[in-house]
Amino acid sequence: MDFTLSERDRMLQKSIREFAEKELPPRMDRMEETGEFPLDLLDGLAKMGILGVITPREYGGSGLGHLARVLVLEQLGRICPAIPMSLEVHHMCIYGINTWGTEEQKKKYLPALADGKTLGVFAVTEPGGGSDVGGTQTTARLDGNDYVLNGRKCFITNAHVSDIWVVAAMTGEGRKGMSAFIVEKDFPGAGTGHVEDKLGLRGANTGELVLQDCRVPKENLLGGEGNGMSVALETIVKCGRTGMASVGLGILNAVLEEAVKFANERVLYGKPISRLQAIQFYLSDIYSDLEIARLLAYRAGWLLDSELPADAEATLAKQWICEAAARSARKAVEIHGSYGILKEYPVQRLLRDALVTVPAGGTAEIAKVVLSRQAMS
Amino acid sequence: MEMIVCIKPVPDPKQAGKMTIDRETGTMIRRDIPSVINPLDRHALEAAVQIRERHGGRVTALSMAPGDALPVLKESLARGADRLVLLSDRRFAGGDTLATAGVIAAAVGHLGTFDLVMCGDETTDSGTAQVSAQVAEFLDVPNIMHVDDCRVSPDGDLRLRSRNEEGAFTAEGQTPMVVSVTADINEPRYVTLMDVLDSEGKEVVVLSADDLPLEESWIGLEGSPTRVLELFEPERKSRAEMLSGTPAEQAAVLADRLRRMGFRNG
């Protein structure tokens, strides 16, 4: 068993770190204030190869795979977790199209999702619920050469900053009644609704998609009629949960750095508070959470690259890491004392960001149901 | 244009605070501090890559360093160098700037004809700023330091601007020459994921002392006239004295003190 990162992985980690440290901080205040994704960053993300990190090279990506994706999202999340939040869903759109798309669909949409013109969307959740995928109400009815879609999708990351959406809708009844479609923002009847005003990850756009007699050409059916459940579940579990785990991992990096920095700078009783055992115990807890998170997230990425079963591992990584990010961010706020609640200190933002990751991509409770099945198998 | 860029692995300047000095041996303790390519060398590399992009040619990154520095130095390939040449030999260890410049000049000669050798003005670890001038002397070609602008004219001559604390001058000259650059010359580009991938197929050459026309007495400790007598951390003296009274009274006391310390109006 080899736990070392390859030379390539270490180099890409370093290059993304440098990019993130320079490009993200100048945009973060505005992201916090407005809750808007910084669209002027898209070109840089494309040039760096970040948008297309899991896109095969023949479709305009760098094709580096899932472990590389984890490393990239971690480094971006270390500075600004809202960015990898948006990107992880963008990658889900790519994953869905690359895994189930026809050659024509891949040629048409994958390069467009790597070149910086737009982010992608992967839309399953509806007002009726997200974890209950089978309860989807949006319908798709075949009419001539088009499917006609009707329904609303909510809590959709990138809803208002994306031109290309993968959308789940019911073409029939039951498990085999769901199908997936590639919908372009400009198709007749496609629109956006409400923008959510979130507690954290504020620079990641979240909102509603509205499909009102939306006409989608038949050739935009993704993965064949009746396979929508597989498209949705596999993408959410493998790509989505590994991505969310990476966002949480990025947050944990930042949490430890901020906690250590403050503990070394803050002097009480004539010495830095990092010399106090009570503070050392907090730092030890945060450090442990970060190290375990890294092992879980990297393993999930490695399993996906190795084409080994990863459903339980990705779910475990997502659930454990996002909870760890929230509890460690809380401890970092404690270390800061009253400074921890001031907006000029990043720890309060990290706590808010971490809290948003917990229910994203499936609540902790849903994850536990999945893990209990694994435990009993 | 055939260009050689000298690069050096140095302890990451962002983690300089972790650096300590072993008082007994008088050496720097660098363990736990990862190495990076010397920041100014990245500017030199970027300058060379930009010249190649406009005028064609080849960029070789050249470094004298222990073999374990190779992964760090390979970043030069992702930054656009066409090949990396590492000069690595236990016998090079302990070399001062003169011995180092001798090895680099021998390697430049060994690699064939060249138009331009580029360096960063100085390194963040030793900061002597001597090597580029010494390399030029060994190669018997002109040397210009503190370069913040470097252009190639249509006839292939170089037009360089050099800036120091007294001003700037512009020089024109024919290649070959050795140039060292400041951080103002350019903003090194980001290394993209595609750059990382593309760097993997590029040529890496490792040369030892035996591959180069060098006398044993020119290299390593033996070839180094410099003797470091002592390496120490400067004593930190900071004394703060609080002045009291009204702002006007405090200003008067402060002005008086400054005058007595030798500061004069105008």
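In which sense, left-handed or right-handed, does α7(A) pass α10(A) in their crossing? The crossing is left-handed, a term applied where the near helix is turned anticlockwise from the far one by less than a right angle, with right-handed applied where the turn is clockwise. The structure is a predicted model, in which local features need pLDDT of at least 70, side-chain atom pairs count only at pLDDT 80 or more, and totals for chains, interfaces and linings use all residues. Residues are numbered from 1 along each chain as its sequence is written, while chains are lettered from A and ligands numbered from 1 in the order in which they are written.

**Helix packing in chain A**

- Helix α7 (residues 228–265) of chain A and helix α10 (residues 346–357) of chain A have axes that come within 10 Å and cross at roughly 160 degrees; helices (H or I, at least four residues) and strands (E, at least two) are DSSP runs, numbered from the N terminus.
- Axes are lines fitted to C-alpha atoms, for helices over the stretch in contact, and angles run from 0 to 180 degrees between N-to-C directions.
- α7(A) and α10(A) are therefore roughly antiparallel to each other; angles over 145 degrees count as roughly antiparallel, under 35 as roughly parallel, 65 to 115 as roughly perpendicular and the rest as oblique.
- On the α7(A) side, the residues making the contact include A:Met244, A:Val247 and A:Ile251, and on the α10(A) side they include A:Val347, A:Leu350 and A:Ala354; two residues are in contact if their C-beta atoms, placed from the backbone, lie within 7 Å.
- The contact of α7(A) with α10(A) comprises 9 nonpolar, 2 polar and 2 charged residues; Ala, Val, Leu, Ile, Met, Phe, Trp, Tyr, Cys and Pro count as nonpolar, Asp, Glu, Lys and Arg as charged, and the others, Gly among them, as polar.
- For helix α8 (residues 277–305) of chain A and helix α9 (residues 311–336) of chain A, the axes come within 9 Å and cross at roughly 160 degrees.
- That angle makes α8(A) roughly antiparallel to α9(A), and their crossing is left-handed.
- Among the residues that make this contact are A:Tyr282, A:Ile286 and A:Leu296 of α8(A), together with A:Trp320, A:Ile321 and A:Ile335 of α9(A).
- By class, the contact of α8(A) with α9(A) has 16 nonpolar, 1 polar and 6 charged residues.

**Domains of chain A**

- Chain A is assigned domain 1 (7–109), domain 2 (119–227) and domain 3 (230–376), with bounds that come from an automatic or database domain assignment.
- The C-alpha centres of domain 1 of chain A and domain 3 of chain A are 20 Å apart.
- Contacts link 20 residues of domain 1 of chain A to 22 residues of domain 3 of chain A.
- On the side of domain 1 of chain A that touches domain 3 of chain A, α4 (66–79) and α5 (82–100) of chain A are the elements that give two or more residues, and α4(A) gives the most, with 9 residues.
- That side of domain 1 of chain A has 10 nonpolar, 5 polar and 5 charged residues.

**Contact between the chains**

- Chain A contributes 13 residues and chain B 12 residues to the contact.
- On the chain A side, α1 (7–23) and α3 (42–48) of chain A each supply at least two residues, and α1(A) gives the most, with 7 residues.
- The side of chain A that touches chain B has 6 nonpolar, 3 polar and 4 charged residues.

**The sheet of chain B**

- Chain B contains an open sheet of 9 strands with mixed pairing, in the order β11-β10-β9-β12-β8-β1-β6-β7-β13; two strands pair if DSSP finds at least two bridges between them.
- β11 and β13 (203–207) of chain B stand at the edges, each with a single partner strand, so one side of each is left without a neighbour in the sheet.
- The twist from one strand to the next averages 35 degrees.
- Strand β1 (residues 2–6) of chain B pairs with strand β8 (residues 116–120) of chain B in the parallel sense over 3 bridges, and B:Val5 stands opposite B:Met118 in β8(B).
- Helix α1 (residues 39–55) of chain B packs on the sheet, touching β1, β6 (58–64), β8, β9 and β12 (177–181) of chain B, and its direction makes about 145 degrees with that of β8(B).

**Hairpins of chain B**

- Strand β9 (residues 143–152) of chain B and strand β10 (residues 158–164) of chain B pair in the antiparallel sense over 5 bridges.
- β9(B) and β10(B) form a hairpin with 5 residues between them, and B:Gly156 in the turn has a positive phi of about 90 degrees.
- β10(B) also pairs in the antiparallel sense with strand β11 (residues 167–173) of chain B, over 7 bridges, and a hairpin joins β10(B) to β11(B) through 2 residues.
- B:Arg159 is the bridge partner of B:Arg151 in β10(B), and the bridge partner of B:Arg159 in β11(B) is B:Glu172.
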